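Subject: Structure handover

Hello,

Here is the structure I said I would pass on. My notes on it follow below.

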Amino acid sequence: MALSTFSVRMDETLKRQFDLLCAEFGMNATTAFNIFARAVVREKKIPFEIQASNKTARLTGMQAFLALRAEAKENGIQDMSLDEINEEIRLTRYGERE
């Protein structure tokens, strides 16, 4: 098996902490990264959850809501009743006119 070099840049303090923790596990950083890479390839996913903070998700949701509100105002439909909204949804889904 041919070997290849993989270089990673990281904060010096983080690297020291990572090296110390790897030593406690009885391995070095290279072994730890190889374990990580094998898990990613085997499972075809990152082996832990990555997500935005709730604040970011909330902000994105609020921005989407405000954009929809502005678009409704531009199109003169900001005062639609719930029944009118549901009728628009029905027409969009089924393409029927009553």
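Helices, as the word is used here, are DSSP runs of H or I with at least four residues, numbered from the N terminus. Please keep in mind that this is a predicted model.

Overall layout

The chain has four helices and zero strands, giving the pattern α-α-α-α along the sequence. Its radius of gyration is 26 Å, whereas the globule rule gives 13 Å for 98 residues, so the chain is more spread out than a compact globule. The C-alpha trace spans about 70 × 30 × 20 Å along the principal axes.

H1

Helix H1 covers residues 12–24. From first to last C-alpha, its 13 residues reach 19 Å, close to the expected 18 Å. At the start of H1, a side-chain oxygen of Asp-11 comes to within 3.0 Å of the backbone nitrogen of Thr-13. After H1 comes Gly-26, with a positive phi near 85°.

H2

Helix H2 runs over residues 29–43 and has 15 residues. The distance from its first C-alpha to its last is 21 Å, close to the 21 Å expected at 1.5 Å a residue. Asn-28 caps the N-terminal end of H2, with a side-chain oxygen 3.2 Å from the backbone nitrogen of Thr-30. Lys-44 follows H2, and the phi of Lys-44 is positive, near 55°.

How H1 and H2 meet

The axes of H1 and H2 come within 9 Å and cross at roughly 85°. Angles of 65 to 115 degrees count as roughly perpendicular, and H1 and H2 are therefore roughly perpendicular to each other. On the H1 side the contact is made by Phe-18, Asp-19 and Cys-22, and on the H2 side by Ala-29, Ala-32 and Phe-33. By class, the residues in this contact are five nonpolar, no polar and one charged.

H4

Helix H4 takes in residues 82–94. Its 13 residues should span 18 Å at 1.5 Å a residue, and the end C-alpha atoms are 18 Å apart, which agrees. H4 is followed by Gly-95, whose phi is positive, near 65°.

Regards

Notes. Residues are numbered from 1 along each chain as its sequence is written. This is a predicted model: local features need pLDDT of at least 70, side-chain atom pairs count only at pLDDT 80 or more; totals for chains, interfaces and linings use all residues. Side-chain values use heavy atoms; hydrogens and water are left out. Helices (H or I, at least four residues) and strands (E, at least two) are DSSP runs, numbered from the N terminus. The expected span of a helix is 1.5 Å times one less than its number of residues. A polar contact is a pair of N or O atoms within 3.5 Å; within protein, one must be able to donate a hydrogen and the other to accept it, and residues adjacent in sequence count only if both atoms are side-chain atoms. Axes are lines fitted to C-alpha atoms, for helices over the stretch in contact, and angles run from 0 to 180 degrees between N-to-C directions. Angles under 35 degrees count as roughly parallel, over 145 as roughly antiparallel, 65 to 115 as roughly perpendicular and the rest as oblique. Contact means heavy atoms within 4.5 Å. Ala, Val, Leu, Ile, Met, Phe, Trp, Tyr, Cys and Pro count as nonpolar, Asp, Glu, Lys and Arg as charged, and the others, Gly among them, as polar. The radius of gyration is taken over C-alpha atoms; the globule rule is 2.2 Å times the number of residues to the power 0.38.
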